[in-house]
Amino acid sequence: MQAKTPEQSKTTMTDMVLPSETNPLNNLFGGELLARMDRAASIAATRHSRHIVVTASVNHVAFNSAVPLGSVVTVEAKVSRAFKTSMEIYIDVWMEDRESGARTKANEAIYTFVAVDETGRPVTVPEVTPETDLEKERFAAALRRKQLSLLLAGKIKPNEASELKALFE
Ligand SMILES: CC(C)(COP(=O)(O)OP(=O)(O)OC[C@H]1O[C@@H](n2cnc3c(N)ncnc32)[C@H](O)[C@@H]1OP(=O)(O)O)[C@@H](O)C(=O)NCCC(=O)NCCS
């Protein structure tokens, strides 16, 4: 199976924040952003694997900036690393200034998707070949994040989390 670059799975979704999607402070509701990120990540994982994909875990979400009503929001998702059947998807969220068009980073998140067959059984996916410095950095840290996610889910034991243990040695 031929390896793919993160660029090959890149998925960009741009949309506006409407009144029905905001909280009482007139900022984008967190759950709405999670749904947008899940959708973009799902498409990126599908592009990488060319299989049905399911969300296995939301590993990290940082709501660093509020996104006001009327904002133009771009969600950009790329597969940062693939393991056997699972893929880490890194999502960057940008806001666009109405007048200058300049983009500022609003939020980011990391999701794990698993490729499955028609019966829901996990299937093997291609590897990822990172190209840019940022892609290489995200690729390198992905195994540590996978182990942390599996540890928190109770799917591995602390002594199996070799990458996490190495941080403290
Ligand atoms: C995700 C799912 C397919 C995993 O099935 P499973 O029987 O646990 O399969 P496995 O144990 O073989 O795990 C498959 C892969 O997922 C990874 N994985 C499972 N749970 C994980 C977690 N919490 N965090 C990170 N990776 C996880 C495993 O490490 C494995 O990765 P690898 O093959 O790349 O090494 C299964 O739990 C599922 O279908 N869940 C429901 C998904 C869904 O409906 N999502 C939408 C919710 S609304």
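This is a predicted model: local features need pLDDT of at least 70, side-chain atom pairs count only at pLDDT 80 or more; totals for chains, interfaces and linings use all residues.
**Exercise 1.** Describe the shell around the ligand: how many residues surround the ligand, and which are the closest?

*Solution.* Start with the count: 18 residues surround the ligand. The closest are Phe83, Lys84, Thr85, Ser86 and Ser149. Next, sort the shell by element: S2 gives the largest share, four residues. Last, sort by residue class: eight residues of the shell are nonpolar, seven polar and three charged.

**Exercise 2.** Find which residues of H2 are buried and what covers them.

*Solution.* A residue is buried if 20 or more other C-beta atoms lie within 10 Å of its own. In H2 the buried residues are Leu33, Arg36, Met37, Ala40, Ala41, Ala44, Ala45, His48 and Ser49. Their cover includes helix H1 (6-9) and the strands S1 (11-16), S2 (52-62), S3 (72-82), S4 (86-96) and S5 (103-116).

**Exercise 3.** Repeat the analysis for H3: what is its reach from first to last C-alpha, where does it bend, and which of its residues are buried?

*Solution.* H3 has 20 residues and reaches 29 Å, close to the 28 Å expected at 1.5 Å a residue. At alanine 142 the helix bends by about 35°. Alanine 142 is also among the buried residues of H3, which are Glu135, Arg138, Phe139, Ala142, Arg145, Lys146 and Ser149. These buried residues pack against H1, S2, S3, S4 and S5. Just after H3, glycine 154 has a positive phi of about 75°.

**Exercise 4.** Identify which residues of the largest nonpolar core touch the most other members, then list what isoleucine 91 touches.

*Solution.* The core has 33 residues, and those touching the most other members are Met37, Ala41, Ala45, Ile89, Ile91, Tyr111 and Phe113. H2, S3, S4, S5 and H3 are the elements that give two or more residues to this core. Leaving out residues up to four places away in sequence, isoleucine 91 touches Met37, Ala40, Ala41, Val75, Glu76, Ala77, Glu108, Ala109 and Tyr111.

How values were computed: Residues are numbered from 1 along each chain as its sequence is written. A residue is buried if 20 or more other C-beta atoms lie within 10 Å of its own, exposed if 12 or fewer, and partly exposed in between; C-beta atoms are placed from the backbone. Two residues are in contact if their C-beta atoms, placed from the backbone, lie within 7 Å. A residue is near a molecule or strand if its C-beta atom, placed from the backbone, lies within 6 Å of it. Ala, Val, Leu, Ile, Met, Phe, Trp, Tyr, Cys and Pro count as nonpolar, Asp, Glu, Lys and Arg as charged, and the others, Gly among them, as polar. The expected span of a helix is 1.5 Å times one less than its number of residues. The bend at a residue is the angle between axes fitted to the seven residues ending there and the seven starting there. A nonpolar core is a set of buried Ala, Val, Leu, Ile, Met, Phe, Trp, Tyr and Cys residues joined through C-beta atoms within 7 Å.
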